[in-house]
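Biologist: I have a new model open on my screen and would like to learn how to read it. Could you take me through it step by step?

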Amino acid sequence: AAKARAAKAAAAAESAGDAETKDESKSSGAPPPPPAAGAAAAKTKSPRKVQTRLVAPVLRTLDLLLAAGVFDALQEPRSPFASEAVRLVRARVMRSDDAQRVMAGINVFLGLVPFDGDVREQALRALLDLLVHPFPKVRKLTSARLYERLLTHEDLFDEEKLDDALVLLTETPWDGDREAAFAPREQLHALLGVPMREERPRVGPQGGGKGAAGAGGDEHQHYSALVNEMGY
């Protein structure tokens with residue numbers, strides 16, 4: 001009998017607690033959010049989305065730090081920073097259709113040209129690949145910025161070959177037919193001492209994704225944004 005009375009008392013207490021909780025919820029006037037709301041909030045805070053949104057600002061910051069000489073001491077073999085920077089920036093930029101990201105990436109590659117050894121070669125290769133980007137304005141911008149960088153650091157290159165490279169950069173209509181850009185780009189590889197790869201560079205939006213060439217309207221929209229961003 002004592003156990004039965006204790007069980008009844010416990011049940012009554014639990015019932016009273018539930019009723020009290022419901023009363024508090026009603027008095028606050030704010031019912032608890034449905035489970036779907038929490039799932040939606042978690043989805044909007046996806047690390048991948050946040051990372052993608054921050055790529056262009058991070059690249060612009062990296063460009064400013066390179067220009068200020070903050071990373072000048074991090075030369076190979078002392079530090080792998082510069083080669084890792086080229087690799088990571090290339091992965092984020094070369095096939096992007098985001099105007100701000102592409103421009104910021106070009107500036108980072110240019111900022112890595114003064115670095116020694118393989119880093120310079122990798123940065124130059126990325127810039128030369130951008131000379132055959134599907135978007136004409138990217139090709140034109142890259143050629144103009146690369147011309148300025150080579151003039152600034154002419155002591156890093158063979159004088160005679162550098163003169164020929166500068167002529168190619170200025171006289172080639174980079175914003176014309178894309179196929180016509182491959183031959184002068186190959187010449188620039190030889191003049192700047194950057195070994196050619198056998199396969200064509202995979203640059204610009206490709207495949208069946210949002211920015212792919214087959215996406216029609218999406219490609220036109222992103223290219224228009226790129227042109228506006230560059231001021232043409």
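This is a predicted model: local features need pLDDT of at least 70, side-chain atom pairs count only at pLDDT 80 or more; totals for chains, interfaces and linings use all residues.

Biologist: How many helices and strands does the chain have?

Modeller: There are ten helices and zero strands. Following the sequence, you read α-α-α-α-α-α-α-α-α-α.

Biologist: Now the pockets. What is the general idea?

Modeller: Rolling a probe the size of a water molecule over the atoms shows where empty space is left. In this model, the second largest pocket holds about 240 Å³ of space.

Biologist: Which helix gives the most to the lining of the second largest pocket?

Modeller: That is α3, with six residues. Both α3 (47-67) and α4 (81-93) supply at least two residues each to this lining. Among the lining residues you can pick out Gln 51, Leu 54, Val 55, Phe 81, Leu 88 and Arg 92.

Biologist: What is the make-up of that lining by class?

Modeller: It has nine nonpolar residues, one polar and one charged.

Biologist: Next, two helices packed together. How do I describe them?

Modeller: Two packed helices are described by the angle between their axes and the distance between the axes. Take helix α5 (residues 99-112) and helix α6 (residues 118-130): their axes come within 8 Å and cross at roughly 145°. The crossing of α5 and α6 is left-handed.

Biologist: Which residues in α5 meet those in α6?

Modeller: From α5 come Ile 106, Phe 109, Leu 110 and Leu 112, and they meet Val 119, Arg 120, Ala 123, Ala 126, Leu 127 and Leu 130 in α6. Sorted by class, this contact has nine nonpolar residues, no polar ones and one charged.

Biologist: Let me follow one of those residues. Is Ala 123 buried or exposed?

Modeller: Ala 123 counts as buried because its relative accessibility is 0%, and buried means under 20%. Beyond its neighbours within four places in sequence, Ala 123 is in contact with Val 86, Phe 109, Leu 112 and Val 113. Ala 123 also lies 9.8 Å from Val 194, C-alpha to C-alpha, although the two are 71 residues apart in sequence.

Biologist: And Asp 129, what does it touch?

Modeller: Asp 129 is in helix α6 as well. Not counting residues up to four places away in sequence, Asp 129 touches Arg 90, Met 94, Arg 185, Pro 201 and Val 203. Its relative accessibility is 3%, so Asp 129 counts as buried.

Biologist: Why does Lys 137 count as buried?

Modeller: Lys 137 has 17% relative accessibility, and the cut-off for buried is under 20%. This lysine lies in helix α7 (residues 136-152).

Biologist: What share of the whole chain is buried?

Modeller: Buried residues make up 34% of the 232 residues. As for contacts with a separation of 6 or more, 64% are between residues 24 or more positions apart.

Methods:
Residues are numbered from 1 along each chain as its sequence is written. Side-chain values use heavy atoms; hydrogens and water are left out. Axes are lines fitted to C-alpha atoms, for helices over the stretch in contact, and angles run from 0 to 180 degrees between N-to-C directions. Helices (H or I, at least four residues) and strands (E, at least two) are DSSP runs, numbered from the N terminus. A crossing is left-handed if the near helix is turned anticlockwise from the far one by less than a right angle, and right-handed if clockwise. Contact means heavy atoms within 4.5 Å. Ala, Val, Leu, Ile, Met, Phe, Trp, Tyr, Cys and Pro count as nonpolar, Asp, Glu, Lys and Arg as charged, and the others, Gly among them, as polar. On a 1 Å grid over the protein atoms alone, a cavity is a set of points where a 1.4 Å probe fits but cannot get out, and a pocket is an open set with protein on both sides within 12 Å along at least five of seven lines; lining residues have an atom within 4 Å of a point. Grid points are joined across faces, edges and corners, and a volume is the space filled by probe spheres set on the points. Buried means under 20% relative accessible area, exposed over 50%, partly exposed in between (1.4 Å probe, protein chains only).
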